[in-house]
Structure formats: C-alpha cells, structure tokens
Amino acid sequence: MNIIKFLDEFTSDNLINTASSRRDMFGTFGNMGKKAAIAAIPFGLGALSSKAKAATTASMFFDHEAPLQLALTLEYLEAEFYLKALDSGVIARAGGANAMKAEAIYAQISKHESAHVSFLQDTLGEDSIESPTFDFTAGGTFDPFNENGIGDDMAYAQLLALAQAFEDTGVRAYKGQAGNLMGLAEGAYLTAALQIHSVEARHASEIRRLRGLDGWITANERGAGIPAEAQAVYDGEENTTHGGVDVTTLGSGSPFSMEASTQAYDEPMSGDTATAIASLFIAS
Amino acid sequence: MKNKEIKVITPRPSKGKDRRQFLKLSGMAIAGSGLLLACNDDDDMGNVMPPDATFDLGSGDRGVLNYAYALEQLEAEFYTRVVNGSYYSGASMEEKKLMEDLYNHEVNHREFFKAALNATFSADLVLPATLEFDFGDVDFNNRDSVLTTAQLLEDTGVSAYNGAGKLIETADYLVIAGKIVSVEARHAAAIRSIRGGEMDDYALFAGDDVVMASTGLDGALNPSQVIAAAGGFFVTPFTAMELP
C-alpha cells in the first residue's frame, strides 16, 4: 500500500497537504534563517489514536495493523536517515575528536533501525505499507547531509539535532501505541513493540549525551540546539501525575523535585502527533 | 504446566558465588542459583499460600505492581548506598551527577509504586516497604564494581518491564510501566556509554550483548527469570507463585 493512500484513509478531514503548504508552516531553524514548524500540523491521523476510531474509519485493518503501520513508517524514516547520514561523510568531516565515536554510534543505531524495518515488515507481511519517499530537508529547511551546500559543521549540528528529535519522538510514539496492542495475540505484538521501544530509548539517551545533554528529558525542555519549532516533540513531558499520583508530593528532597520527577517518567505521544512530526519529512 | 509456581528462598546472609553469577548475566542469559525454584505441576491444589509470613506478589495487576515495586526498591537501595557513601574512588563530577540523577529517579519510582499500590490495595496485599538487600561482593568504593552492577540492574529492569507488559490488565498501568521502562533504558545506555568509552566500544550503549542484532529487539524476561537472576540481592524472602 502506498504511504499516501494509507495516510489518506486515516486522515480525519481527508486533507493531505502539499509540499508547499508544509513549507509555509516552517519556522526558523537555528542559524539557517529558514523555516521548520514541527509544532503546527494541519492534519492528523485521528484513527491511530484509538482502536475505536480505527474500527469505524478503516475496518479493513486488523487491530494490530494501525499501530504497527505507524511504527513501520517511523522506522522507515529512521532507517533511511541513519543510512544517509553515514553515507554523507558529514560525521567524519565535521565530528572532530568525536568523529569515530559518533560514526560508531550512528552505525549501531542504523543497524537497529534497519532491523526494526525488517522485523515489522515480517510481522505485517504483505500488508506492510511501502516506504514513503523522504525529504530530510523538510522542504528545504534542513541540510543534514550537506547536499545543498550548508557546510559540514552546520550539517553535522542538524544531523545530531534531527536524530535526537526522531529518537525522542520514537520513544513517545511506541509508548502511545502500547495500549492499542494490549491483549492481541496473547501479548506478542505488545512485547515486541516494547522491545523496540526500549531500544529507541537507549538510542535517544546516547544521542542526547553525544550532544552534551543528559540522557533523560527534564520537564518539556528541548535541550540546547533544538529549535523552538520542535517543541511538539517535548510538549507534555512536564507531566508529574501518573495514575492519579502526583509524584512531586511523595516526599521531600531531590528525588521529588520538579526536575527529577519529570526526568524519571517519559510521556506517551498520540498517533496524531507522531504522524504529524513524521509527515514533515515525507515528500510522497 | 499451566501454573508454574516459583518459590524464591534466598539463603542468608552471604552467597558471593550467586551474586557473581548474577554479575555474569548479560542481557538475556539467566543464571539462577542461591534460591530454590520450586515447580508445582498440580493445578488442583486449593492452597497456594506460601508458608507463614512469606509475602506472595500476587497475580494480575497487583502481582506486576508488587513485582515492579520490589525491583524499584532494589535499584533505589543500590543508588542510595552509592550516593550516601563518598561515591567511588575516582568518580568525576559528571559521574557523580549521573549517579545522583539515577538515585533521584529510582527513589521516585519506588515511592510511586508504594503510593499507587496502597491507594488500590489493602496493606496486607502490598509488598512490605522495608525489603532488605545484601549487595555482598559489590565494592561501593570501586568504580568498575559500581558501574558494572548498575548496568546489570538497569538492563535487568528493562527486560523485566518489557516481559511484564503483557501481564498487565489495565491500560493505565501499562502506560505507566511504559513511562518508567524507557527511563530505565536511558539509564542503561548512559552507564554503558561511560563504560564503553573507556573500552573504545562506542556501540556498548545498545550493544549486541543486550539488543539482538538481527531483530533490533531488547530483552524481555518473565518475572521468574528476573527473580532468579536478581534473587541473590534480596535478603527478605518473597514468592511469585502466581506470575509466570
């Protein structure tokens, strides 16, 4: 199935925006002076947010399919991103003293993301959606592989920032789909999704540390060097109440500070939001 | 065998060999010893109560939450001993900050499970808050000993939550477990990253020893496997008769 057909069937208002309208929404990214709005997305995949909606809008899917197709879409994106990053030579040229380390990290992550694609394709079988055509410039906003002359140093900074945004999004997106996989096939889909979810979290931690940040997310902070337009990736991470328990009230001292209380829990992301973020990088 | 009963009896006080075996665990391998795995094939017995005062984790959501509470008590106690000492010899500022973060997060997790369990179940159905631990051979003054143990605790925690997800019956609890497991995975990667940097093994943060290279999948273990692996640290006995 074509990705656009898939997205179209799940689009709440049947609105697939064009590349140009996507470009219009972009704000500035870092020093580029161009635009990238990961936050404001005009359409969402309402159907992916709940099984009930999926059942009414696309009865052709089995219960596990919508969550896993979303997962496959995100894995396609990540897998291609890391392959292109490694092929570009940007890390070797701009990584400086960290180049060897960064290349090894990207290679290990690349291996996992490609394996995730294969694993999900095997799981979904012939129903697997095809890979979209990705545009990692997001309509000319970024140049992470230095294909358009931004220069290796800026490309490297973007290449790291995009990796962080993709990994932190991946963690939240898998978490957001866990409930939709409950009870199916005696938990087989859920367990596999959780096994991918924690690998995405390992990746996120390492990329963040490579960028000089903590491996975990404090409040809804993006961290240095991530543009404000990527705030959607982190919105909601500041939550401190879980199952009705506000964890800042459970004691005194450093473990219950706002900082530690938000770091200690990652928050889920809806299918709508995850799709909206991925869609910025989907050309067709 | 439908209902496998796992009875954990941890001999006290010190079984260095068992902990060494635990420390040899890498990801999915299981080395159980120092505790008794008692399987009961009988499905017909009405009496599944453990002898006298030994606490059983229970089944379903309660069983999983008690199980998580036990693991979080273990992790919190470990980091409490790290930060309440003078850390380990040669700890850099960055590493002290890292250990303090892990301490903060694990203590928070522990207190969350205590609060969540007590809000839902009567006190006699909640794992005691005062489990005792014996870290035996771990040298809290030795950097390698602390970091190696931290890595194994975090990796084991990840596999434990991954394996327990399918046992959870309430979606809200599943999401909460998901909120915690990814932070455990972030911890594991950070510890591994520090250790890997010194070995020029820059892939160790998600190394092939813990993430299967062919599938890209992390570990997932049943409670009985995890309890067998970490059992050497638990001094206070408890059972997990109704968990797989």
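Predicted model: local features only at pLDDT ≥ 70, side-chain atom pairs only at ≥ 80, totals over all residues.
**How confident is the predictor?**

- For the complex, the predictor gives an ipTM of 0.83 and a pTM of 0.82.
- Chain B has an average pLDDT of 84, and 79% of its residues score at least 70.
- Residues 1-47 of chain B have a pLDDT below 50, and this stretch has 87 contacts in the model beyond near neighbours in sequence.

**Chain B as a whole**

- Chain B has 244 residues, and 52% of them are buried.
- Take the contacts in chain B between residues at least 6 apart in sequence: 77% of these join residues at least 24 apart.

**Where the two chains meet**

- The contact between the chains takes 44 residues from chain B and 51 residues from chain A.
- On the side of chain B that touches chain A, the elements giving two or more residues are α3, α4 (143-164) and α5 (171-198).
- Helix α5(B) gives the most to this side, with 17 residues.
- By type, this side of chain B divides into 25 nonpolar, twelve polar and seven charged residues.

**The nonpolar core**

- The largest nonpolar core has 142 residues, and those with the most contacts inside it are A:A193, B:Y67 and B:A177.
- Helix α5(B) gives the most to this core, with 13 residues.
- Leaving aside residues up to four places away in sequence, B:Y67 touches B:L57, B:A164, B:P223, B:A240 and B:L243.

- B:L102 sits in helix α3 (residues 93-120) of chain B.
- B:L102 has 28 other C-beta atoms within 10 Å, so it is buried.
- Not counting residues up to four places away in sequence, B:L102 touches B:Y79 and B:H187.
- B:L102 and B:V183 are 81 residues apart in sequence, yet 9.6 Å apart in space, C-alpha to C-alpha.
- B:G207 is in the loop between α5 and α6 (223-230) of chain B.
- Because B:G207 has 20 C-beta neighbours inside 10 Å, it counts as buried; the cut-off is 20 or more.
- From C-alpha to C-alpha, B:G207 and B:G196 are 9.3 Å apart in space, and they are eleven residues apart in sequence.

**A helix of chain A**

- Helix α7 of chain A (residues 152-177) has 26 residues and reaches 37 Å from its first C-alpha to its last, close to the 38 Å expected at 1.5 Å a residue.
- Of the 26 residues of α7(A), 22 are buried, so this helix is largely enclosed by the rest of the structure.

**Two loop residues with positive phi**

- A:E186 has a positive phi of about 55 degrees, although it is not a glycine.
- A:E186 lies in the loop between α7 and α8 (188-210) of chain A.
- A:E186 counts as exposed because it has 9 C-beta neighbours inside 10 Å, and the limit for exposed is 12 or fewer.
- B:D200 is a residue other than glycine, and its phi is positive too, near 55 degrees.
- B:D200 is in the loop between α5 and α6 of chain B.
- B:D200 has 10 other C-beta atoms within 10 Å, so it is exposed.

Methods: Residues numbered from 1 in each chain as written. Chains lettered and ligands numbered in written order. Helix = DSSP H or I, 4+ residues; strand = E, 2+ residues; numbered from the N terminus. Contact = placed C-beta atoms within 7 Å. Nonpolar A, V, L, I, M, F, W, Y, C, P; charged D, E, K, R; others polar. Core = buried A, V, L, I, M, F, W, Y, C linked by C-beta atoms within 7 Å. pLDDT = per-residue confidence, 0-100. Expected span 1.5 Å × (residues − 1).
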